[in-house]
Amino acid sequence: MVRDCGAWINLMSHTVKKRLNAGLANLGVTGVQSQVMHFIMARCSKGPVFQRDVEDAFDLSRSTAAGILNQLERRGLIRREGVAEDGRLKSLIPTQQAVALQEEVHACIQEIEAEMTKNISPEERQQFLDILSRMYQNLSE
C-alpha cells in the first residue's frame, strides 16, 4: 500500500505517542502530560505561565488544556497560584515532584528519539525537520 505524506505523519504520530505513553506509564504520566509539564518548567523561569500559554503552544482547546492541567495538579506535578494583578488568572508552577520526574521523562524521550533516528545521518535528520516545518507552515497559512 502506498501512503501519502499525511498518512505517514499520522502513523508516526500514533506510533511515537504509543511508545512514549508505554515508556512513561510507570511514572504515572502520559506523553502529552509530560510535554506540557516540560513546557511549564521551561517557560516559568522567564515569567508566569498561564493556561492560555499551554493552549497556544500545543494548539489545544480550552477544555483539553484544562483537563491536562487538572491531571497534572491532581498528581502533584503543578500547582496553580493566583496573580496579584488579576484575580481570575492562575499562574502554573511546577512542583519539586515535577522537577524530580523530569529527568526520567527526558531519558525516555531521548531513548525513543535515538531509536527512531538510528541509521539516519545528521544531515538527513535536519532535512527531514526542515521539510516538516515547511509542511506545517503550508497548513498554517
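Guide: The expected span of a helix is 1.5 Å times one less than its number of residues. Keep that rule in mind, and note that this model is predicted.

Visitor: How do you know that the length of α5 agrees with that rule?

Guide: α5 has 22 residues, so at 1.5 Å a residue it should span 32 Å. Its end C-alpha atoms are 32 Å apart, and therefore the two values agree.

Visitor: Where does α5 bend, and by about how much?

Guide: The bend is at Q102 and comes to about 30°. Q102 is also one of the buried residues of α5, along with A98, L101, V105, C108 and I112. Among the elements that cover these buried residues are α1, α2 and β2. After α5 comes N119, which has a positive phi near 65°.

Visitor: Why is S91 called buried?

Guide: The cut-off for buried is under 20% relative accessible area. S91 has 9%, so it is buried. S91 is part of strand β2, residues 86-94. Leaving out residues up to four places away in sequence, S91 touches P48, V49, F50, R79, R80, E81 and V83.

Visitor: What makes G82 partly exposed?

Guide: Partly exposed lies between the 20% limit for buried and the 50% limit for exposed. G82 has a relative accessibility of 48%, so it counts as partly exposed. G82 belongs to strand β1, residues 78-83. Beyond its neighbours within four places in sequence, G82 is in contact with L89 and K90.

Visitor: Why are R19 and E115 called a salt bridge?

Guide: A salt bridge needs a side-chain nitrogen of Lys or Arg within 4 Å of a carboxyl oxygen of Asp or Glu. In R19 and E115 the closest N and O atoms are 2.7 Å apart, so the pair qualifies. R19 is in helix α1 and E115 in helix α5, so the pair ties together parts 96 residues apart in sequence. R19 is partly exposed at 41%, and E115 is partly exposed at 38%.

Visitor: How many salt bridges does a search of the whole structure find?

Guide: The search finds four. Another of them joins R79 and E81, with the closest N and O atoms 2.5 Å apart. E113 and R125 also form one, at 3.2 Å. That pair links distant parts of the chain, with E113 in helix α5 and R125 in helix α6, twelve residues apart. E113 is partly exposed at 26%, and R125 is partly exposed at 34%.

Visitor: What makes a set of residues a nonpolar core?

Guide: The residues must be buried, come from a list that includes Ala, Val, Leu and Ile, and be joined through side-chain atoms within 4.5 Å. The largest such core here has 23 residues, and those with the most contacts inside it are I40, V54, L69 and L72. The elements giving two or more residues to this core are α1, α2, α4 and α5. Not counting residues up to four places away in sequence, I40 touches V49, V54, L69, I78, L92 and P94. In soluble globular proteins, nonpolar side chains tend to be buried together.

Technical notes. Residues are numbered from 1 along each chain as its sequence is written. This is a predicted model: local features need pLDDT of at least 70, side-chain atom pairs count only at pLDDT 80 or more; totals for chains, interfaces and linings use all residues. Side-chain values use heavy atoms; hydrogens and water are left out. Buried means under 20% relative accessible area, exposed over 50%, partly exposed in between (1.4 Å probe, protein chains only). Helices (H or I, at least four residues) and strands (E, at least two) are DSSP runs, numbered from the N terminus. Contact means heavy atoms within 4.5 Å. The bend at a residue is the angle between axes fitted to the seven residues ending there and the seven starting there.
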